[in-house]
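Thanks, everyone, for making time for this. Please have the sequence and the structure open while I talk, and I will go through a few places in turn.

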Amino acid sequence: MSYMNVQDTISGKQAKATVSIDGVLEELFYAKTGEATIEKTKADVPMLGKTTVGKKTVGWTGTGTLTLYYVTSKFRELTKEYVKSGKDFYFDLTIVNEDPASRAGKQTIVLRRCNLDSILLMKFDATAEDSLEEELPFTFEDFDIPDKFNSLQS
């Protein structure tokens with residue numbers, strides 16, 4: 001029987017995130033958390049002779065959320081351009097998970113044609129004891145996995 005080596009888990013603090021907007025690459029060193037999910041779109045397929053309804057995948061939707069420390073105006077500036085001109089912006093988001101203590105190695109995920117769902121314009125909190133943060137929900141249209149984790153099978 002195989003067991004997982006606890007050292008092979010991936011530390012979330014070791015991740016790196018970058019965003020590419022109009023060919024300009026920016027490191028998201030002010031990111032706190034991030035995640036992306038694909039949700040399948042399924043159609044009902046009733047079948048003769050069965051009491052169940054089958055499900056067939058007919059598409060998908062990619063969504064995600066970034067939580068950032070409230071220290072950049074970048075996305076507000078781009079949103080202002082959209083509000084004033086109607087020109088929306090899209091970006092590619094690259095996340096690299098690599099923990100040097102793990103035999104799993106590195107995984108790189110590139111989310112393509114990301115587009116923000118909403119943007120926080122301003123925030124203050126005189127009672128906050130922690131740093132200000134903002135959440136950026138987004139959608140994406142495609143993705144790649146240029147680097148995959150190593151198999152941990154012995």
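**A buried arginine, a pocket and a core**

Let me begin with Arg-76, which in this predicted model is part of helix α1, the helix that covers residues 74-85. Is Arg-76 buried or exposed? Its relative accessible area is 13%, and because that is under the 20% cut-off, Arg-76 counts as buried. Its side chain reaches the backbone oxygen of Thr-72, at 2.5 Å, and, if we leave aside neighbours within four places in sequence, Arg-76 is in contact with Tyr-70, Ile-119, Leu-120, Leu-121 and Glu-134.

Turning to the largest pocket, the space inside it comes to about 560 Å³, and its lining is made up of 27 residues, with Ala-15, Ala-17, Thr-33, Gly-34 and Ile-95 lying nearest the centre. The elements that contribute two or more residues to that lining are β1, β3, β4, β5, β6 and β7, and β3 gives the most, with eight residues. Sorted by class, the lining has 15 nonpolar, seven polar and five charged residues.

Finally, the largest nonpolar core contains 18 residues, among which Phe-75, Phe-91, Leu-93 and Phe-138 touch the most other members. Two or more residues of this core come from each of β1, β4, α1, β5, β6 and β7. As for Leu-93, not counting residues up to four places away in sequence, it touches Thr-18, Leu-28, Leu-66, Ile-109, Val-110, Leu-111, Cys-114 and Phe-138.

Terms used:
Residues are numbered from 1 along each chain as its sequence is written. This is a predicted model: local features need pLDDT of at least 70, side-chain atom pairs count only at pLDDT 80 or more; totals for chains, interfaces and linings use all residues. Side-chain values use heavy atoms; hydrogens and water are left out. Helices (H or I, at least four residues) and strands (E, at least two) are DSSP runs, numbered from the N terminus. Buried means under 20% relative accessible area, exposed over 50%, partly exposed in between (1.4 Å probe, protein chains only). A polar contact is a pair of N or O atoms within 3.5 Å; within protein, one must be able to donate a hydrogen and the other to accept it, and residues adjacent in sequence count only if both atoms are side-chain atoms. Contact means heavy atoms within 4.5 Å. On a 1 Å grid over the protein atoms alone, a cavity is a set of points where a 1.4 Å probe fits but cannot get out, and a pocket is an open set with protein on both sides within 12 Å along at least five of seven lines; lining residues have an atom within 4 Å of a point. Grid points are joined across faces, edges and corners, and a volume is the space filled by probe spheres set on the points. Ala, Val, Leu, Ile, Met, Phe, Trp, Tyr, Cys and Pro count as nonpolar, Asp, Glu, Lys and Arg as charged, and the others, Gly among them, as polar. A nonpolar core is a set of buried Ala, Val, Leu, Ile, Met, Phe, Trp, Tyr and Cys residues joined through side-chain atoms within 4.5 Å.
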